[in-house]
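Let's walk through this one piece by piece. Have the sequence and the 3D view open as you read.

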Amino acid sequence: WICDTIEHLRANGRTVIEPTSTAEDGWVQHANDLAHITLFPEANSWYMGANVPGKARVVLPYLGGVDRYRQICDEVVERDYLGFAIAGENGTEVNDGVIRRVQPDVAIMREMMEEMALPSMDSMSPVDARAFSEAMSAAGPPGPEVGEVLDGTLPGADGDNLAYRLYRPATPGPHPVVVYFHGGGWVIGNVTSDDPLCRDLCNRSGSIIISVDYRHAPEARFPAAPNDGFAATKWIADHAEQLGGVPGGLAVAGWSAGANIAAVVAQRARDEGGPEIIGQLLLNPVTDCDMSRPSYTENADGYILTSALMGWFWDHYADPGDRIDPQASPLRARNLADLPPAMIVTCEFDPLRDEGEAYAEALAAAGVEVHHRRARGQIHTSIPAVGAMLSGAATRAEMAQALRGFSGAGVSA
């Protein structure tokens, strides 16, 4: 590769090639990200600089392997020497940028899925998409053990029973209560589909996590899902002590479409006289039906949740005229003041990134206490992947800290 680069310089009348500062910093970050999902940082060896007394302990080699290293070098060339300044008698050309921005474990997972050549869910019927999603979830690692897991039912908005799964910490109770709504674009998923994440949050936060189902589209279109979410939250608030929870307020949480429901529940609780919501944890929330934001273009394909799939979800969920309703697009609510404190997590390579960040900004502008974290190098599905995506652990710990903060239990997860 070096010889080819020298030949390229000669052929183009260039004599000097140097990486840009941005590229250098990005490469160091990538190498460290890769190291942090291995055991190398724990090693007492020259790999960590341990052979020189007093030397700063950093991972010295590139741990991605020779093949991956060469693949990256070739990609630098394909992208017109991305991250390099090339100079000669006729001046200097700079192509600034970073060659690897996605977290290494996320990138490996994406490569594996591309090799499998799986069909896209937006090419399926809702029934087939649900079966496909369940099969994919079953192939993932299980979440951690918790103190107790209980399954039950509660009444939905239409009087029919909704399933729930309760995760109880192993520590003595009573515990704070969190009502959790699963992701799946209002079409797929159930109370167990986010099981590893619920277990992780339960252990880290010391809270009872109650994953509640809701009616799914297209069989039950908008506003069935938020109506069920609100009915479930009221029932859990009324039965919190019986469920082993701390009496008083509870928090709401969710991922993706589930975070959309959680945000709507918080707004309705404020407007309809309760129940008391002490906090809202929103992971990659759907907050608006407007799909013209830059993140929908920048992250349209290649990151599991595509712009086309998001359009497929909306088409099954709500008619165009209903999508601007604040119960479908909570960012469009006329009043965002006096809502409970929020932690909002967005992911860098997610079509939903910009609308989640717009909601965080709108809440803050309305005087709501907001903590926003953009998860660098992450995609829509990587943070919930407990046990599979190690790079998401720090974000998951921060989410649990937020839940502890809502309940006044401190911030150590």
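Start with Arg165, which you'll find in strand β5, residues 161-168 (strands are DSSP E runs of at least two residues, helices H or I runs of at least four, both numbered from the N terminus). Keep in mind that this is a predicted model, where local features need pLDDT of at least 70 and side-chain atom pairs count only at pLDDT 80 or more, while totals for chains, interfaces and linings use all residues. Residues are numbered from 1 along each chain as its sequence is written, and side-chain values use heavy atoms, leaving out hydrogens and water.

Arg165 has a relative accessible area of 17%, so it counts as buried (under 20%; exposed is over 50% and partly exposed lies in between, using a 1.4 Å probe and protein chains only). Setting aside residues up to four places away in sequence, Arg165 touches several others, among them Val149, Val191 and Ile209 (contact means heavy atoms within 4.5 Å).

Now the cysteines. A disulfide is a pair of cysteine sulfur atoms within 2.5 Å, and by that rule there are zero. Cys202 is in none: the nearest cysteine sulfur belongs to Cys198, 9.0 Å away. Cys202 is buried because its relative accessibility is 0%, and Cys289 is buried at 17%.

Finally, look for the open sheet of three strands, ordered β1-β2-β3 with antiparallel pairing (two strands pair if DSSP finds at least two bridges between them). Its edge strands, β1 (14-19) and β3 (91-95), each pair on one side only. Strand β2, residues 84-88, pairs with β3 over five bridges, and Phe84 has Asn95 in β3 as its bridge partner.
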